[in-house]
Amino acid sequence: MSAAAQLAYTPDVAEATAPIFERLSRVVPAVEWPFHAPLVHAINTLKRERNAVVLAHNYQTPEIFHGVADIVGDSLALARQAASVDADVIVMAGVHFMAETAKLLNPGKLVLMPDMSAGCSLADSITGADVRLLRQRYPGVPVVTYVNTSAEVKAESDICCTSGNAVQVVESLGVDRVLFLPDEYLAKYVATQTKVEIIAWKGHCEVHERFTGDQLREYRARFDGLTIIAHPECPPDVLEAADFVGSTAHMIDYVGKRRPARVLMVTECSMSDNVAAGLPDVEFIRPCNLCPHMKRITLSNILESLASLEPRVEIDPAVADRARLAVERMIAVGR
């Protein structure tokens, strides 16, 4: 019998998890909490026993993001925090490339990925062999690789970036042009923000590429006073129709500081839930595009992973050493 199957919603569990549910009550129905609470309580208990931390991306569901995560954020924030985690075990509530990044920065620690099949369409759009061919075609041109890539691809790169620091990373190289891989739409956005020539790859995020400028205009027509903020992985017509463009961290910061009365966050749907939990004065309009890979991570498989200390993320040392250098160069930018 699995660890999750033995759990029950007892009065002790209800009392212990009441403060967590209070934070989540705006986005998690009360009828669902008796199913989540035993898992949340068991995970938080087992974390202490294992000296473990859970890193959760902004696209995780609220019961994970607010219920069991110790460190939350976008890819850049998780990479930076992973570099200095004080724990023996790291559980990545995200997708596989994020777990690889955590392992790159913590080679001596145990990094767990609750579901190894939680992948990424961007990461799948390019291989290390592709990067080697591009280097042959564009000799001497630096390769800037989005962190949404495998360790193998990072190992073939000069430096990594995220949507939050892409422009800064590109300009830090002091060159006239760069290869920017693999997100075509992020590359196009970066090209509008810098004089550096951007040579792009045609990879796309299967969540963000589904949004359209026409959709956003329809939302504006239906909802008065709507503020639209979009992630730069969206197509150019979406970014043109938005009021603000930024990484997930920048989007969260924008809403937290500006407190628009009504907002539409053009990104993965769960992020709106996670932000809405702490902003009762903001109305969130949700164009709900879910990431099927992020949703492979659940409270149940986080608990099973902590209980069994499996599946473990391992990277070939020959690949890891080179990939780590590209990630560390990224983290050093802006320090």
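Helices (H or I, at least four residues) and strands (E, at least two) are DSSP runs, numbered from the N terminus. The structure is a predicted model, in which local features need pLDDT of at least 70 and side-chain atom pairs count only at pLDDT 80 or more, while totals for chains, interfaces and linings use all residues. Residues are numbered from 1 along each chain as its sequence is written, and side-chain values use heavy atoms, with hydrogens and water left out.

Four of the five residues of β7 are buried, so the strand is largely enclosed by the rest of the structure. Buried denotes a relative accessible area under 20%, exposed over 50%, and partly exposed a value in between (1.4 Å probe, protein chains only).

A further open sheet is formed by four strands in the order β10-β9-β11-β12, with parallel pairing. Strands β10 and β12 stand at its edges with a single partner strand each, so one side of each is left without a neighbour in the sheet. Strand β9 (residues 227-230) pairs with β10 over two bridges in the parallel sense. Ala230 has Val245 in β10 as its bridge partner. Strands of a sheet pair through backbone hydrogen bonds, either parallel or antiparallel.

Backbone geometry was examined next. Most residues other than glycine have a negative phi, and most peptide bonds are trans. A cis peptide bond joins Leu181 and Pro182, with omega about -10 degrees. Pro182 is placed in the loop between β7 (177-181) and α9 (184-193). The peptide bond from Glu310 to Pro311 is also cis, with omega near -10 degrees, and Pro311 lies in the loop between α14 and α15. The loop between α14 and α15 also holds Leu309, which has a positive phi of about 55 degrees although it is not a glycine. Leu309 counts as buried, because its relative accessibility is 17%. A positive phi, near 50 degrees, is likewise found at Asn51, in the loop between α2 (33-50) and β1 (52-57). Asn51 counts as partly exposed at 35% relative accessibility.

A search of the whole structure finds 15 salt bridges, each defined as a side-chain nitrogen of Lys or Arg within 4 Å of a carboxyl oxygen of Asp or Glu. One of them is formed by Glu156 and Arg322, whose closest N and O atoms are 3.4 Å apart. This pair links distant parts of the chain, 166 residues apart: Glu156 is in the loop between α7 (151-155) and β6 (159-161), and Arg322 is in helix α15 (residues 317-332). Glu156 counts as buried at 13% relative accessibility, whereas Arg322 counts as partly exposed at 39%. Arg132, Glu156 and Arg322 are linked in a network of salt bridges.

Asp243 and Arg220 form another salt bridge, the closest N and O atoms being 2.9 Å apart. The two residues link distant parts of the chain, 23 residues apart, with Asp243 in the loop between α11 (236-241) and β10 (244-245) and Arg220 in helix α10 (residues 213-222). Asp243 is partly exposed, with a relative accessible area of 44%, and Arg220 is partly exposed, with a relative accessible area of 30%.

The side chains of Arg286 and Asp273 likewise meet in a salt bridge, at 2.8 Å from N to O. Arg286 lies in the loop between β12 (283-285) and α14 (299-308), and Asp273 in helix α13 (residues 269-276), so the pair ties together parts that are 13 residues apart in sequence. Arg286 is partly exposed, at a relative accessible area of 33%, whereas Asp273 is buried, at 18%.

Key:
Pairing = 2+ DSSP bridges.
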